[in-house]
Amino acid sequence: MIGGKLIRGAVVATLAMLGGAGPLRAQDDAGFRAYLASVRGAAIAQGVSPATFDAIAPTLTLNPRVVQLDRAQPGNEASTASPPFAPYKAAHVDAARIGRGQRVYQAQRARLAAIERETGVPQSIMVAIWGHETNYGSYTGNFDLLRSLASLAYDGRRRALFEGEFIAALRMLDRGVPREQLKGSWAGATGNPQFLPSVYLRLARDGDGDGRADIWTSQPDTLASIANYFASAGWRAGEPWGLAVDVPSSLDRSSARNRLVSPRCPRVFARHSGWRTIAEWRALGVASQDGSWPSATTMATLFEPDGQGKTAYLLTGNYRVILDYNCSNSYALSVGLLADAVER
């Protein structure tokens with residue numbers, strides 16, 4: 001998700017940075033301690049028990065590595081290149097990931113069906129998110145979340161975000177999550193679906209009826225939590241995420257251009273066309289590659305991730321829900337395509 005997107009690409013970038021720029025300047029431990037003390041009041045005001053804060057804060061030390069990883073994040077504003085989708089697809093919608101997803105899909109079919117009836121979120125989408133985030137739980141991260149989030153908040157580059165997540169992680173302890181389970185990515189995402197602590201508190205669900213929302217070891221809880229995220233983000237039951245299409249060379253792309261600027265992830269949405277109905281796209285000569293079509297009145301945007309003359313996609317409003325989980329076209333397309341492959 002969510003958190004997972006912060007990991008991808010950062011490790012490679014950081015190794016390159018460390019190779020040439022030398023170690024991060026040592027931070028003042030006294031400053032870190034003073035910062036933690038300054039957060040105590042806000043944490044208690046947001047529901048953290050004083051006993052929990054006072055037990056955890058003295059055990060935390062600054063982690064310079066996570067600060068380096070955060071500072072190595074590429075600046076989206078400075079980059080204008082749009083990498084092709086095909087190599088990403090080959091790496092993330094591969095035979096191994098599809099095969100594992102199909103096995104999960106079959107093993108959890110009855111429970112998945114029940115969750116879909118309740119939320120409207122397709123079974124295959126739940127499985128595909130899990131597969132994409134942590135390869136079905138094979139790697140969920142081993143950073144101490146509390147230490148990482150406190151270090152990132154202290155550094156201050158994105159203090160509002162990370163301080164809030166640090167406090168949310170403390171609230172997870174008060175809710176009964178074991179301290180040893182609070183591990184995950186360097187940026188604070190945890191569990192099979194890679195939820196940030198605030199997302200866990202808001203949307204994690206008990207899928208197996210044991211009274212706990214265990215997104216670390218319980219497959220039912222993991223899948224129910226992913227579905228609840230998508231339902232909360234506005235998934236429309238019965239509508240596909242999109243479909244692969246061929247675009248005629250005669251299409252006037254300038255007339256289909258998107259003239260709106262999104263306030264969120266503008267570069268991601270700028271690559272999509274304006275909205276048209278499926279009937280309008282068909283009238284313009286756009287052809288479904290497998291012959292299937294959603295309802296003629298379904299609204300969709302056109303996206304050509306590998307350029308003109310290559311496979312393109314008509315994307316519905318549900319594609320935007322996948323982008324809410326991780327605002328990357330390559331990510332969202334791969335989730336949709338993995339879901340389709342898992343279901344076959």
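Predicted model: local features only at pLDDT ≥ 70, side-chain atom pairs only at ≥ 80, totals over all residues.
When I say two residues are in contact, I mean that they have heavy atoms within 4.5 Å.

Residues are numbered from 1 along each chain as its sequence is written, and side-chain values use heavy atoms, with hydrogens and water left out.

Okay, the overview. The protein chain has 17 helices and seven strands; those are DSSP runs numbered from the N terminus, H or I with at least four residues for helices, E with at least two for strands. Of its 344 residues, 51% are buried, where buried means under 20% relative accessible area, exposed means over 50%, and partly exposed is in between, with a 1.4 Å probe and protein chains only. If you take the contacts with a separation of 6 or more, 73% of them are between residues 24 or more positions apart.

Now let's go to helix α11, residues 159-174. What does α3 bring to α11? From α3 we get Y35, L36, V39, A42 and A43, and they meet R159, E163, F166, I167 and L170 of α11. Sorted by type, that contact has eight nonpolar residues, no polar ones and two charged. Nonpolar here is Ala, Val, Leu, Ile, Met, Phe, Trp, Tyr, Cys and Pro; charged is Asp, Glu, Lys and Arg; the others, Gly among them, are polar. As for geometry, α3 covers residues 29-45, and its axis sits 11 Å from that of α11, at an angle of about 65°. So α3 is roughly perpendicular to α11.

Quick note on those words: axes are lines fitted to C-alpha atoms, for helices over the stretch in contact, and angles run from 0 to 180 degrees between N-to-C directions. Under 35 degrees is roughly parallel, over 145 roughly antiparallel, 65 to 115 roughly perpendicular, and the rest oblique.

Helix α11 also packs against α10, residues 145-155; their axes come within 8 Å and cross at roughly 150°. That is why we call α10 and α11 roughly antiparallel. On the α10 side the contact is made by L146, L149, A150, L152, A153, Y154 and D155, and on the α11 side the list includes R159, F162, E163 and F166. This contact splits into 11 nonpolar residues, no polar and four charged.

Most residues other than glycine have a negative phi. Y136 is not a glycine, yet its phi is positive, about 60°. You'll find Y136 in the loop between α9 (123-134) and β1 (143-144). Is Y136 buried or exposed? At 6% relative accessibility, Y136 counts as buried.

C265 also has a positive phi, about 50°, without being a glycine. This one lies in the loop between β3 (242-246) and α14 (266-269), and C265 is partly exposed at 23% relative accessible area.

Last one: A296, in the loop between β5 (287-288) and β6 (299-303). A296 is partly exposed too, with a relative accessible area of 43%. Leaving out residues up to four places away in sequence, A296 touches T277, I278 and A279. A296 and A279 are 17 residues apart in sequence, but 4.7 Å apart from C-alpha to C-alpha.
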